[in-house]
Amino acid sequence: MTPNLRVKSQLARNNRAHAKALWPAQCSKLMLKVLRELTTTFGFSVALGELRMIDGHWYITHSGLLRLANRRLCNSIRVEPVLQLSDPSTNRWVFKSTVHKSHHSRGFVGFGDADPSNVSPLVHGAEMRVAETRAVNRALRKAYGIGLCSVEELGWISEPSKPVAGSRNSNVRHESNGSKDGSTRLRDQLCLLIRQHNLDPNLVKSYAAHFCGTETLKEASRDLVESFISHLAASANEDRNGLICKLNSYAQPVEVKQ
C-alpha cells in the first residue's frame, strides 16, 4: 500500500469512528458509504469540522472547502459585490466569486446572497460577510465538482427552532427521548472539539452562553447550540490562537487577598 493510500485509509477509519460518535442515529450503511467516498475523493475530515450530517444528509463546511482548495493548490479566489442586485439600506447583499484552479484555467463562478430573512438572528448586521462566504462556497463547489451543499448556504439551519404543538395522539415519552438523544449528540460534539483542540471546557461554556444570548448553555435552543459548535470548529481550525484569546476573555479575574 502506497503512503497516500495508507493515509486515506486511516482518515476513512477515523471519519467513520467520529461520525458514529457524533451522529449515531443517522449513520446508516448508505451514509457511511457516502462518507467513505467523500473521504477518498476529497480528503475531508469529520474531526476537523469539514463535514456535518444534518437530517440524514452530508453537508460540507466553509473551512472544509478552503482546506480542499489549499490542498489542490488553488490559484486564486476573487470576490466582488454585485451592487445592482444589492440593497445596503435593507442589508441585502449579493456577491460574485470566481475561482481559478490554476493560472491558465477558466474561472468557476458562484453567486451568494444574504439578507435578514435568510440568515440567523445571531449574524444580523453581518449579511455582507455571509453573502461573501456563500459565494465563495458555491464557486469552490463548482470548481472541484462537489455536489454537496455547504452548511453556510442553508439559511434555515441557524434559525431558532419553533415549538412543535403536540397532537392528542402524540407519544410524549418518545418526544422526550428524542430531545434527550439530540442534546446528548450535541454535548458529544462539543466535548470532542474541546478534547481535540485542548480547550478549557469552562471557558467554552461561558463563551457558548454569551454566543447564544443566554445565561447558561443549558438554556440555549438546539439550533443555537449547533450554530455555536459550527462556529467553534471553524474558529479552532482557522485561528486557534485567536480563539484562545477570545476564550481567555471569559476567565473570571482572580481576587487577591489583602
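Reply: Happy to! A residue counts as lining a pocket when one of its atoms lies within 4 Å of a pocket grid point. Please keep in mind that this is a predicted model.

Me: Which residues of the lining lie nearest the centre of the largest pocket?

Reply: They are E152, S227, S230, H231 and A234, out of 45 lining residues. The space in this pocket comes to about 1100 Å³.

Me: What makes up the lining of the largest pocket by class?

Reply: There are 21 nonpolar, 15 polar and 9 charged residues. Helix α7 gives the largest share, 10 residues. Among the other elements that supply at least two residues each are β1 (51-54), α5 (172-196) and α6.

Me: Now the aromatic rings. Why is the pair of Y207 and F228 called edge-to-face?

Reply: Ring centres must lie within 6.5 Å to pair, and planes over 60 degrees apart count as edge-to-face. The centres of Y207 and F228 are 5.5 Å apart and their planes stand at 85°, so the pair is edge-to-face. A search of the whole structure finds 6 aromatic pairs.

Me: What makes this pair a tie between parts of the chain?

Reply: Y207 sits in helix α6 (residues 201-212) and F228 in helix α7 (residues 222-238), so the pair ties together parts 21 residues apart in sequence. Y207 and F228 also belong to one aromatic cluster with F211 and Y250.

Me: How do you know whether Y207 is buried or exposed?

Reply: Buried means under 20% relative accessible area. Y207 has 7%, so Y207 is buried. F228, at 0%, is buried as well.

Methods
Residues are numbered from 1 along each chain as its sequence is written. This is a predicted model: local features need pLDDT of at least 70, side-chain atom pairs count only at pLDDT 80 or more; totals for chains, interfaces and linings use all residues. Side-chain values use heavy atoms; hydrogens and water are left out. Rings of Phe, Tyr and Trp (its six-membered ring) pair if their centres lie within 6.5 Å; planes under 30 degrees apart count as stacked, over 60 as edge-to-face and the rest as tilted. Helices (H or I, at least four residues) and strands (E, at least two) are DSSP runs, numbered from the N terminus. Buried means under 20% relative accessible area, exposed over 50%, partly exposed in between (1.4 Å probe, protein chains only). On a 1 Å grid over the protein atoms alone, a cavity is a set of points where a 1.4 Å probe fits but cannot get out, and a pocket is an open set with protein on both sides within 12 Å along at least five of seven lines; lining residues have an atom within 4 Å of a point. Grid points are joined across faces, edges and corners, and a volume is the space filled by probe spheres set on the points. Ala, Val, Leu, Ile, Met, Phe, Trp, Tyr, Cys and Pro count as nonpolar, Asp, Glu, Lys and Arg as charged, and the others, Gly among them, as polar.
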